[in-house]
Amino acid sequence: MRGLPLAAWAYVCTVVVLAASSIGLSSFDGIDWTTLAVLAVLSVICESAPALLNSENARVSLSYSAGLASVVLLGPTGAAIVGASAIIAWRRDMGVVKRLFNGAQFALSGYLAGVVYSAAGGTTGKPTNGSFPDIIAPYLTAVVTYVAVNLALIGVVLVLTKTAPLWGFRWRPIGSLAAGQLSYGMFGLLIAAPWGLIGPFSAVLVLMPMLLARWAFQQTSDQQQAHAATIAALCQAVETKDYYTRGHSERVSRGAVMIAEAIGMRPERVGAIRYAGMLHDVGKLGVPTKVLQKAGALTEEEYAAIQLHPMRGLEIVREIGFLDEALAGIMHHHERMDGTGYPMGLAGLEIPEFARVISVADAFDVITSTRSYRPARSIEEGIAELRRSAGTHFDPEMVEALIAAITRHGWTQPDPVPPPEEGEETTQQDHDDPSAPLRVAGEGVR
C-alpha cells in the first residue's frame with residue numbers, strides 16, 4: 001500500500017474487511033460447492049481478460065456474467081465468494097493492493113446484489129421452467145445493484161487516490177462503463193437459466209462467444225493503437241525540425257475535436273478529424289529546416305516552399321487508408337473563405353468541412369504560441385483575431401464553435417519559449433500562411 005494517501009489506505013482496508021465479513025459471518029448451508037467452484041474458475045478466467053471499452057481506456061470485466069449467475073444459483077454468500085476469486089486473476093498490471101481491492105469490491109457487489117435479489121422475490125438455485133417470467137424482475141434489480149455498488153466503490157477510491165477530482169468525472173466514459181457492465185451482467189441470467197438442464201456447459205455456450213468478441217475487439221483496439229503510434233511518429237518528425245512548433249500538432253488536433261464536437265459531428269468523423277489535426281503539417285517534412293526556423297522575412301522562393309507543404313503532406317499520407325476524410329483537411333487547411341488561400345484557391349463551402357475546422361484551430365494555436373518570428377499572444381487576443389477574420393479567412397460557424405468550446409473547457413497554452421534575439425522580430429508575415437497575413441496588435445501574423 002506504499003504511496004497511497006492515508007484516506008485511501010483506510011478506505012481500501014475498510015472495503016476488504018467488509019467483504020471478508022460478508023463471507024465469514026454468513027451461513028454456508030445449502031451451497032452447491034461444485035457449482036461454486038465452476039463459477040469461480042469462470043470468474044477468474046473472465047477477470048483475467050477484461051474488455052476494453054471505446055472510452056478513456058476504460059475496461060469492463062467479463063466476470064460480471066459469472067458473478068451475477070452466482071447470485072441466482074448460489075445466493076448472496078456464494079456470489080460474494082465467486083466475486084472474491086478476482087484476487088487470483090492473472091493480471092500482470094495489478095499489484096497486491098489492487099488485487100485485494102478488486103476481489104473485495106466484487107465480493108461486496110455480489111453479496112449486496114444477492115441480498116436485493118432475494119428481497120425482491122428471487123429464488124436461489126437452478127431455475128426451472130416455472131421460474132420464468134417471475135425471476136426476471138428480481139434479477140434486473142440485482143444487476144442494477146451489482147453495477148451501482150461496483151461503480152460507487154471504484155469512484156470513491158479514484159477520488160481518494162486523486163486519480164479523479166470529486167466532481168471531475170466525465171459522464172460519457174462513466175456512461176459507457178455502466179452500459180458495458182449492465183450488458184455483461186445480463187448474460188448472467190443466460191448462464192443460470194439452463195444450468196439445471198446442461199450444467200456448467202451453459203456457461204461455455206454463453207461465455208465462449210463473448211470471449212471471441214472480446215478478442216476481436218482487442219484486435220481492433222491494437223490496430224487503433226498502431227495507427228496512433230504511426231501518427232505520433234510523423235508528428236514528432238515534423239516538430240523535431242522546429243523547436244517553436246513542438247506540441248502544435250497535438251493542440252491543433254485538440255482544437256479541431258473541440259470544434260467538431262461543438263458543431264455536432266458524428267463520433268467517427270470526430271476521430272478522423274483528430275487524425276487530420278495531428279497530421280495537418282506533415283508536409284513540412286519537405287520544407288528546409290532553415291526556412292521553418294527563420295526569424296526574418298521569407299524570400300519568394302521560401303514562401304513557395306512553405307506553400308507546397310499541404311500538397312506534400314497529402315503525398316506523404318495519401319496511402320494510409322484509415323485517414324479517409326482526414327486527407328481533405330490536410331490538403332486544404334490553408335484555403336480561405338474569400339478564395340485567396342492555397343493550394344487551390346477554393347472559396348466558401350467549396351472548402352472541405354475538415355479543412356475549415358482545422359484552419360481555425362491551427363490559426364488560433366499559432367496566434368497564442370511563441371514562434372521564431374514573434375512572441376505568443378493571449379487567448380483573448382487570439383479570440384479577437386479569429387472574429388476579425390471570420391467570413392474572409394475563416395468559416396464564421398467554426399470560429400464561434402471554437403470560442404464557445406474554449407469558454408466552456410478552457411485552452412492550455414504551451415509553455416513560454418524564449419523570444420528571438422533583439423532585432424530579429426521584423427517579419428510582417430506568417431510562415432504558416434504567407435498568402436494573407438492576419439493582424440494582431442498591429443503586427444502581421446502568418
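Good morning. I begin with Phe-201, which counts as partly exposed because its relative accessibility is 45%; the class between buried (under 20% relative accessible area) and exposed (over 50%) is called partly exposed, with a 1.4 Å probe and protein chains only. What you see is a predicted model, in which local features need pLDDT of at least 70, side-chain atom pairs count only at pLDDT 80 or more, and totals for chains, interfaces and linings use all residues. Residues are numbered from 1 along each chain as its sequence is written, and side-chain values use heavy atoms, with hydrogens and water left out.

Phe-201 is found in helix 8. Helices here are DSSP runs of H or I with at least four residues, strands are runs of E with at least two, and both are numbered from the N terminus. Phe-201 also belongs to a nonpolar surface patch of about 690 Å², together with Leu-197, Ile-198, Val-204, Leu-205, Met-208 and Leu-212. Patches are made of residues with over 30% relative accessible area and no salt bridge; like charges are joined within 9 Å, and nonpolar side chains (Val, Leu, Ile, Met, Phe, Trp, Tyr) within 5 Å. A salt bridge, in turn, is a side-chain nitrogen of Lys or Arg within 4 Å of a carboxyl oxygen of Asp or Glu. Which helices supply at least two residues each to the nonpolar patch? They are helix 7 (195–198) and helix 8 (201–240), and helix 8 gives the most, with 5 residues.

Let me turn to the chain as a whole. Its secondary structure comes to 17 helices and 4 strands. Of its 446 residues, 51% count as buried. The protein chain exposes about 20,600 Å², of which carbon and sulfur atoms supply 61%; accessible areas come from the Shrake-Rupley method with a 1.4 Å probe, and for residues only the protein chains shown count as cover. Among contacts (heavy atoms within 4.5 Å) with a separation of 6 or more, 71% are between residues 24 or more positions apart.

Next, the cysteines. The structure holds 0 disulfides, a disulfide being a pair of cysteine sulfur atoms within 2.5 Å. Cys-46 is buried, because its relative accessible area is 1%. Cys-235 is buried as well, with a relative accessible area of 5%.

I now come to His-248, which lies in helix 9 (residues 248–262). Is His-248 buried or exposed? With a relative accessible area of 2%, His-248 is buried. Its side chain makes polar contacts with the side chains of His-280, at 3.2 Å, and Asp-365, at 2.5 Å. A polar contact is a pair of N or O atoms within 3.5 Å; within protein, one must be able to donate a hydrogen and the other to accept it, and residues adjacent in sequence count only if both atoms are side-chain atoms. Leaving aside residues up to four places away in sequence, His-248 touches several others, including Glu-239, Asp-281, Asp-362, Val-366 and Arg-371.

Finally, two loops. Arg-336 is found in the loop between helix 14 (326–332) and helix 15 (353–367). Arg-336 counts as buried, because its relative accessibility is 8%. Its side chain is joined by polar contacts of 2.9 Å to those of Asp-338 and Thr-340. Pro-343 lies in the loop between helix 14 and helix 15, and the peptide bond from Tyr-342 to Pro-343 is cis, with omega near 10°. Most peptide bonds are trans. A further cis bond runs from Phe-132 to Pro-133, with omega near 5°, and Pro-133 is found in the loop between helix 4 (96–119) and helix 5 (136–160). Thank you.
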